[in-house]
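Hi,

Here is the structure I promised to pass on.

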Amino acid sequence: MPRIGVFVCHCGENIARTVDVRKVAEDAGRIPGVVFSTDYTYMCSAPGQKLVMDAIRERGLTGVVVSACSPQLHEPTFRNAVQQAGLNPFLCEMANIREQCSWVHPNRAEGTAKASLIMASAVQKVARGRALSASEVPVTKRALVIGGGVAGIRTALDIANAGHEVVLVEKQPSIGGNMARLSETFPTLDCSQCILTPLMVEVSRHPRIELITCAEVEEVSGYVGNFRARIRRRPSFVRADLCTACGDCATACPASVPNEFDQGLAWRKAIHIPFPQAVPSTYTLDAASCLNTQLVSSKSGYRVLACERCADVCSRKAIDYDMRPEIIEREIGAIVAATGYRMMSGEGLADYGYGRYPDVVDSLEFERLLSASGPTGGEVLRPSDGKPARDVVFVQCVGSRDPVHGYPYCSRVCCMYTAKHALLFKHKVHDGRATVFYIDIRAAGKGYEEFVQRAMEEERVLYVRGRVARVTQVDGRLVVYGADTLSGQPLQVRADLVVLASAMVPAQTNVAARLRVPTDAFGFFQEAHPKLRPVETLTAGIFITGAAHGPKDIPDTVAQASAAASKALELLSKTRLQREPTIARVDEAVCMACFECVRICPYQAVEKHEVRARDGRLLRVVARVNPAMCEGCGACAGACRSSAMDIQGYTDTQIFAQLTALMTGAAS
Amino acid sequence: MSSAETAAGPARAAAGTAGPLESPLKPRLMRIVEAWDETPDVRSLRLQPVDDGPPVRWLPGQFGEFSVFGAGEAVFTMANSPSRGEFVECGFRALGKVTWALRDLAVGQVIGYRGPYGNSFPVDSWRGKDLVFIGGGIGTVALRAPLQWVLDHRGDFGEIVVLNGARSVADLCYQKEMPAWAEVPGVHVVRTVDPGGETPGWDGEVGLLPAVFERLGLAPGGRIVVTCGPPVMLHYLFQSLEKLKFPPEDVVTTLENKMKCGLGLCGRCNVGRLFVCVDGPVFTWARMQTLPRDY
Amino acid sequence: MGTPSAGQIHRLGRDQLASWVDALLGERKRVFAPVLRRGLRVLRAVERAQDVDFAPGRTRWSPKEFLFPRTETLFSYENRDGVPVLADPPADDVPRILFGVQPCDAAGLVRLDSILLQDPFYARRRELTTVVAIACSEAAPECFCTAVGGSPAGQEGVDVLLAPLETGWVVRALSPKGEALLAPRRGGWETAAAGDWEAALEQAGRVAGSIGRRELPAAWAEKLEQSFADPIWDELARRCVGCSICAYVCPSCSCFDVADEGSDACGSRCRTWDSCSFRLFTQHGSGHNPRATQPARSRQRVLHKFAFYPLQHGGRAMCVGCGRCIRSCPVGMDIHAEVVEVMSGRPEKEAGDVQR
Amino acid sequence: MTEPTLQARTETAAPTWKPQIAAIVCNWCTYAGADMAGTTRREYPASVRLLRVPCSGRVNPLFILKAFEQGADGVLVSGCHPGDCHYVQGNYFARRRFAAFRSLLNFLGLDPRRVHFSWISASEGIKWARVVGDVTRAVTEAGPLTDWGRASSPAQVTLPEPPAPRPQPAAAELEAVTGHVRELAASLLREGKVSFVLGWAPGPSPGQTIPAFIQRPEDAATLVFDTHSHADLAAFLAGPRKVSGKVAVLVKACDARAATTLLAEGQLVREDVVLVGVSCPGMWRDDRLAYRCHSCDGEVGALCDFTVSAAGVQPGALPTGAKRATGPDPRDLQNAHLESLPAAQRWAFWQEQFADCVRCYACRAVCPMCYCGSCISEQHRPQWVPTSIDGRGNTAWNLVRAYHLSGRCVGCDECERVCPANIRLDLINRRLALELEQRFDYHAGTDPEGAPPLATFRPDDPQEFIY
């Protein structure tokens with residue numbers, strides 16, 4: 001039985017000037033269920049709050065309506081006050097008669113009448129309210145980081161350094177990601193490996209980081225604080241505990257294939273280590289290129305090994321042809337996706353001759369050509385014939401900002417690395433000629449613009465504003481057809497090497513699907529809010545960082561990695577999670593299992609729940625809301641035809657009663 | 001046909017020019033003078049007429065239509081005996097629109113009441129006999145009126161056993177009153193909860209009502225069994241009674257079919273050719289055996 | 001003009017019937033008569049005789065709604081400072097005439113009377129109502145009044161019976177109310193020729209003969225009641241989809257719901273048609289439902305008409321055989337066929353019963 | 001109905017009359033925007049009363065209906081701009097629902113000046129004041145809403161009746177189909193592949209067929225297929241009418257679409273049902289081709305396990321090749337005529353139809369899409385649909401059902417066929433289906449895997465109706 005108190009605030013003159021507050025309080029007194037109503041100058045003041053608290057205690061109020069200002073302002077104040085007086089905070093409602101009444105309606109009669117209706121509506125809402133309490137879920141204090149590039153490394157280290165366990169899963173045999181491939185980094189030109197390797201080593205040695213390479217997250221179930229990850233590790237056929245990375249096996253191995261770490265510009269053996277500084281520092285036998293083609297497909301039964309040279313030469317007997325894929329399951333509290341990017345490939349690059357002419361390379365390939373540890377030892381040699389390149393043309397916005405051939409977005413880093421490429425090239429080939437085709441120069445980072453200016457002015461890199469139409473080969477030399485939009489002239493430039501600043505695209509799109517979090521149209525992870533929640537996803541407990549979220553450079557990636565780590569830590573720092581109680585609830589008796597709610601819920605908070613009889617027989621399947629994941633938006637309730645779904649604190653019953661009160665002043 | 005046949009014609013004359021009619025479904029206004037929770041979901045109300053008219057009269061077992069204006073009507077048996085008839089009491093569980101609205105009302109608020117309707121417990125025919133009251137859950141509410149009647153006319157009846165059961169201790173109705181019942185000489189009160197429903201300090205019985213009843217070892221001879229409870233409980237209780245050879249004529253219960261009018265008009269409470277609201281709600285088990293299974 | 005004589009049978013030309021309707025309207029009587037509206041033949045309060053459709057055949061709805069409205073306010077309430085104030089609905093004392101209904105509909109009103117006359121609202125309207133029925137000149141395939149003791153020229157519940165002749169109508173008052181209705185007109189009306197009435201009855205007899213459906217004897221009631229637990233009901237009503245068309249077109253179905261319309265501040269308590277075919281009709285608040293399945297609900301309607309009601313009300317079936325429920329049922333549920341089917345399946349049936 | 005049960009509002013438009021407008025607004029944007037208007041003391045009419053909900057996605061469009069029922073003269077629903085939703089997607093769903101519901105209200109002839117939608121951000125106090133001003137002006141022009149649940153004047157509408165594109169089929173063709181249906185039914189039962197065959201059999205009235213549940217092979221001979229095999233038997237596949245056990249069901253083109261939708265909504269277990277498509281020459285109603293059949297070539301959908309035509313039984317959903325002549329859909333022609341009328345006349349037209357509704361719920365009972373075990377009309381906390389059989393309750397019921405069918409109705413028109421009050425429910429359902437077709441390129445009953453149109457969105461969905 002409701003016993004509601006209504007407290008009408010004058011807000012000094014702010015409300016009282018145009019609203020007859022006494023009349024509103026009197027009107028309140030006439031509403032059935034209202035047992036106390038009064039007005040006061042400043043309800044939010046200490047005496048005002050005491051008035052509310054005393055009335056709750058003395059009159060046994062079961063609901064409170066404060067007719068005052070906007071709930072955005074003082075709802076927390078009064079909910080706190082009523083809680084102190086022993087009343088559930090969700091049984092306190094604000095009737096906003098200031099911002100939405102006295103301040104906007106100068107006519108006293110109209111203002112007063114409307115204020116009474118607003119108050120009556122709040123009374124009806126409280127009268128049909130129920131005490132709500134936050135639900136709690138436990139938190140597993142372990143994070144899963146997917147992707148071992150610089151983003152994943154930084155996140156993993158931050159979380160581990162803060163004292164929580166981390167499972168770092170990397171698809172490749174080594175962590176390091178694309179950053180390990182880079183030669184030097186803009187704008188400081190420090191060596192990429194030199195700054196990354198220490199972090200990689202720190203990861204490998206960290207007592208709280210479990211590094212799982214050659215592995216992919218296959219399935220994630222559960223919810224915030226309580227995920228369960230199923231990780232599949234491919235066999236490396238080399239026992240990490242025995243391998244000393246001596247390299248004898250690779251020397252002996254007869255099978256050579258292009259080295260993907262060098263973007264295919266060099267060769268490696270079937271048994272190999274991706275690069276000298278790889279972490280873990282262990283050789284891996286690549287089953288796809290090994291002569292023993294049955295390694296993976298055979299089911300441990302009858303198998304003939306065609307070649308055992310690596311095993312023969314391995315003094316530690318680390319080679320194990322019988323190694324099988326391994327399923328690793330881990331309980332996880334928070335997940336950070338750092339799956340990174342790859343360079344755009346395919347049809348969109350055809351006009352530029354990429355794939356047709358070996359001397360048309362993309363920027364990551366060029367990084368390897370520039371790298372001292374790369375296939376050419378840092379010399380800029382043409383892939384076609386290994387001769388030094390003297391004329392190099394750099395093309396920006398290849399596939400980026402180009403919805404027709406590629407993607408509408410800007411890849412953000414190309415302007416800077418192209419300047420770096422041109423500059424490094426000029427450092428290596430002093431009399432070389434570097435031409436850059438660009439549309440705009442976007443150099444909005446610390447020291448970035450200066451860096452580009454340096455390339456243009458000090459290194460005399462020729463910047464041509466215009467798009468490149470195509471690249472062909474004439475008489476064995478590449479010709480770049482473009483236009484100088486500043487002069488309006490068509491332009492042809494001969495080149496020994498053409499470097500394409502191709503668009504950055506998401507490296508993996510299946511991870512988002514496995515995590516059941518949305519991506520944008522291009523496969524980049526969708527953040528929960530573009531401004532306010534940039535490293536969270538709509539699914540509580542799943543965070544994103546690095547280029548998986550969108551193209552970004554190393555400083556931004558590292559900053560975001562730490563941001564994601566801090567959001568994950570916020571979660572892991574709690575033993576139990578408190579969730580807002582104003583969330584969806586299903587009347588399972590009414591649910592007809594059309595599961596539109598499941599389709600609609602942006603948070604994956606609605607699940608199909610099997611109702612079973614005592615004997616285990618499946619009776620029916622109904623929707624059920626996971627309180628740990630529901631944010632209370634109500635999109636499900638707005639769709640539910642049988643009205644099985646309702647939002648606590650904003651129930652259909654409350655809304656109907658409020659509408660009635662707003663229109664008639666009465667209860668429904 | 002009476003007076004002058006006016007221009008309006010004979011039909012009008014036949015009807016007369018009487019004023020507005022009053023519906024038999026129009027309730028009397030009653031004020032809530034007391035309200036309390038029996039269990040977490042069973043609530044009791046004590047009502048008194050708003051007007052100064054004659055007191056409300058009824059017989060044990062009869063029911064009324066209680067209404068909240070704006071929500072509608074619900075049927076409850078009068079929960080108190082007319083021998084304590086200065087008030088009308090009812091007990092109910094909040095299950096639908098009306099009962100939820102009723103539950104939300106405060107002392108002092110006014111509701112509608114009409115009745116009494118239906119037949120009553122044949123208390124006169126029980127004179128001199130031993131009685132067993134068996135109430136399950138909310139069903140106990142329907143037994144309170146005849147029980148109070150019997151207690152108020154203690155001398156007229158023999159030994160009395162009250163078996164009051166519920167799913168759990170918290171769900172047991174009339175826990176506050178049971179000690180007083182037990183104090184009346186010759187009244188034996190047995191409380192029981194379903195297995196799993198007991199609390200650590202529970203000193204009553206544990207077991208389903210029919211089983212506990214069997215354990216009591218009461219012999220049928222001339223003993224009247226008065227019972228009310230959920231359909232499934234009655235089903236098993238009747239099996240027990242059959243096993244113990246209680247004559248069906250000596251077993252009395254009430255049927256709780258859904259009703260709207262209480263007058264045998266609205267058509268929904270019938271069990272075969274009988275209307276529970278008029279021919280019931282009190283039936284002997286013997287009578288029920290002649291009825292189609294429509295309850 | 002000669003002295004009108006009670007009991008006299010008259011003969012009306014085609015136009016005379018219409019002018020009678022107009023005259024009744026002129027007396028400020030409310031006349032409900034068949035009209036064609038949106039492709040429906042329905043009874044409506046008419047404002048002029050030319051709107052009336054005197055063609056034979058049933059109307060979509062029975063006339064019961066004019067005595068037992070679809071929704072009716074029982075009283076209104078208003079909360080005045082915490083105390084509800086109740087007010088009775090305004091009285092409506094206008095005399096009314098159900099003009100041109102079928103004899104089965106008139107019989108249906110008699111069934112309604114047996115249930116609802118104890119309600120003063122119904123009783124008042126019933127008192128104010130005079131029933132002018134038209135004897136049927138044809139039977140629809142679903143008609144079976146003759147199977148339940150009725151007739152195309154049935155007189156039960158009829159105050160004035162009109163029967164079609166080749167060239168007009170024969171009119172006869174069958175009750176004091178009917179007499180009273182005819183009294184002011186007698187002077188202007190031609191007396192029926194000898195044999196007119198008989199000719200009309202003969203015509204009705206021919207119509208009766210065209211109804212092919214077998215009799216459903218009142219004596220079946222008890223046997224039907226015993227069929228309650230027969231699994232045949234599950235078979236028969238498997239296709240029943242649970243709408244309430246049967247109950248709402250029925251001239252004798254009278255079940256209702258009582259519900260409040262409005263807020264706690266003001267509103268009214270209303271009585272609204274309800275139907276035994278709805279799940280919620282008998283479902284308890286606890287969720288228990290004595291009639292949990294659609295066949296169980298369908299059985300209730302048949303048994304109410306042919307077993308429970310006759311056993312309560314002196315033998316006659318509640319059904320008057322108008323055939324509306326059969327005609328309008330979305331899935332062709334046939335109450336007549338159901339009764340026959342159940343009885344033919346009763347193991348203890350008496351041969352004579354079914355043959356008859 | 002002639003008894004005075006309508007509780008019409010008797011309020012009249014006095015010169016001082018001011019409208020009451022319900023504004024349902026989201027917490028994060030519009031409510032804050034309204035606060036901003038207050039903080040900056042930007043005056044606006046006091047006609048608008050706010051109801052705060054978490055998100056415009058929380059707004060069940062039926063709240064709008066409820067507001068009118070409770071006496072609102074106008075309704076404004078407002079949320080965050082697309083892309084700004086606090087819950088990211090709520091307003092996108094809301095936008096689709098509002099488009100459907102608004103189109104329904106427009107079609108029924110509710111004065112379009114009474115219903116408004118807007119996106120107003122937390123910083124747009126000025127926009128809030130302006131929108132409230134505009135809405136108030138529009139509702140004031142529309143005047144007091146006095147005809148909710150009733151027609152204020154006779155509608156006097158005659159709908160055009162187009163000629164049928166094809167004649168009645170030859171009896172021999174129907175007999176051949178009937179023969180094959182019987183054979184197939186008998187063999188399915190004989191081989192124990194199903195426990196029931198659900199088909200059509202002759203009914204008690206001449207020319208009528210009724211749903212038949214055939215259990216024994218020898219009873220298959222009672223099945224018929226003719227131009228009156230109206231019943232959409234998919235209605236027996238889900239919800240409270242669902243037949244238990246493995247069942248073979250005969251479906252026409254429209255019924256097959258219903259089965260497809262049931263599948264899409266997870267109500268059918270595909271393995272439990274054998275769908276037998278019947279090549280349909282069109283159904284006849286009172287000697288006219290049923291409206292829905294004019295534009296239908298009779299070919300069953302791709303889902304069927306068998307297809308029966310005069311030529312015989314084919315396994316799978318192969319086209320029978322018996323493509324029938326088609327013409328324009330008469331429902332569209334009639335709707336076009338209705339929409340050419342002034343809104344007030346259209347409102348009167350529909351109110352006259354709804355006034356005859358007796359709430360027998362036959363429309364619901366025969367509808368394959370109405371599978372809710374507990375229909376919203378049977379729920380009383382809160383009371384979505386008033387119980388009373390009057391203009392108010394009937395309008396609520398018919399609006400609720402129409403909205404709940406939007407994007408789901410496959411146009412079998414069974415509701416309209418069985419309606420004892422001849423309410424043209426087919427026109428309403430058709431109009432909404434067309435709206436969703438045009439807006440969202442969605443055709444109900446064609447894709448067993450696709451998301452229903454109101455359970456999905458595109459960020460660039462049209463929003464021409466939103467301020």
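Predicted model: local features only at pLDDT ≥ 70, side-chain atom pairs only at ≥ 80, totals over all residues.

Before the helix pairs, a word on how they are described: axes are lines fitted to C-alpha atoms, for helices over the stretch in contact, and angles run from 0 to 180 degrees between N-to-C directions. Helices (H or I, at least four residues) and strands (E, at least two) are DSSP runs, numbered from the N terminus.

Residues are numbered from 1 along each chain as its sequence is written, and chains are lettered from A and ligands numbered from 1 in the order in which they are written.

**Helices of chain D**

H8(D) and H10(D) pack with their axes 9 Å apart, at an angle of about 105°. They are therefore roughly perpendicular to each other (65 to 115 degrees; under 35 is roughly parallel, over 145 roughly antiparallel, and the rest oblique). From H8(D), the contact uses Gln351(D), Phe354(D) and Ala355(D), and from H10(D) it uses Gly391(D), Asn394(D), Thr395(D) and Asn398(D). Two residues are in contact if their C-beta atoms, placed from the backbone, lie within 7 Å. By class, this contact has two nonpolar, five polar and no charged residues. Ala, Val, Leu, Ile, Met, Phe, Trp, Tyr, Cys and Pro count as nonpolar, Asp, Glu, Lys and Arg as charged, and the others, Gly among them, as polar.

H10(D) also packs with helix H2 (residues 62-69) of chain D, at an angle of about 170° and with the axes 11 Å apart. That pair is therefore roughly antiparallel. Leu62(D), Leu65(D) and Glu69(D) of H2(D) meet Arg392(D), Ala396(D), Leu399(D), Val400(D) and Tyr403(D) of H10(D). Here the classes are six nonpolar, no polar and two charged residues.

Back to H8(D): its 13 residues (343-355) should span 18 Å at 1.5 Å a residue, and its end C-alpha atoms are 18 Å apart, which agrees. The expected span is 1.5 Å times one less than the number of residues. Among its buried residues are Trp347(D), Phe349(D), Trp350(D) and Phe354(D). A residue is buried if 20 or more other C-beta atoms lie within 10 Å of its own, exposed if 12 or fewer, and partly exposed in between, with C-beta atoms placed from the backbone. The buried residues of H8(D) pack against helix H3 (90-108), helix H7 (330-340) and H10 (391-405) of chain D.

**A helix in chain A**

Helix H11 (residues 414-428) of chain A has 15 residues and reaches 20 Å from its first C-alpha to its last, close to the 21 Å expected. Of those 15 residues, 12 are buried, so H11(A) is largely enclosed by the rest of the structure. What covers its buried residues includes helix H10 (363-370), strand S21 (391-398) and helix H12 (448-458) of chain A.

**Where chain D meets its neighbours**

With chain A, the contact takes 49 residues from chain A and 53 residues from chain D. H16(A) gives the largest share of the chain A side, 10 residues. That side has 25 nonpolar, 15 polar and nine charged residues.

With chain C, the contact takes 37 residues from chain C and 29 residues from chain D. The chain C side has 17 nonpolar, seven polar and 13 charged residues.

**Domains**

Domain bounds come from an automatic or database domain assignment. Chain B has domain 1 (28-117) and domain 2 (123-254), with C-alpha centres 24 Å apart. Chain C has domain 1 (10-210) and domain 2 (218-355), and their C-alpha centres lie 26 Å apart.

**Backbone spots to check**

The peptide bond from Gly115(B) to Pro116(B) is cis, with omega near 0°, and Pro116(B) lies in strand S6 (residues 110-117) of chain B. The bond from Gly280(B) to Pro281(B) is cis as well, with omega near 5°.

Arg401(A) is not a glycine, yet its phi is positive, near 50°; Arg401(A) counts as partly exposed, with 19 C-beta neighbours inside 10 Å. Asp441(D) has a positive phi too, near 55°, and is exposed, with 9 other C-beta atoms within 10 Å.

Cheers
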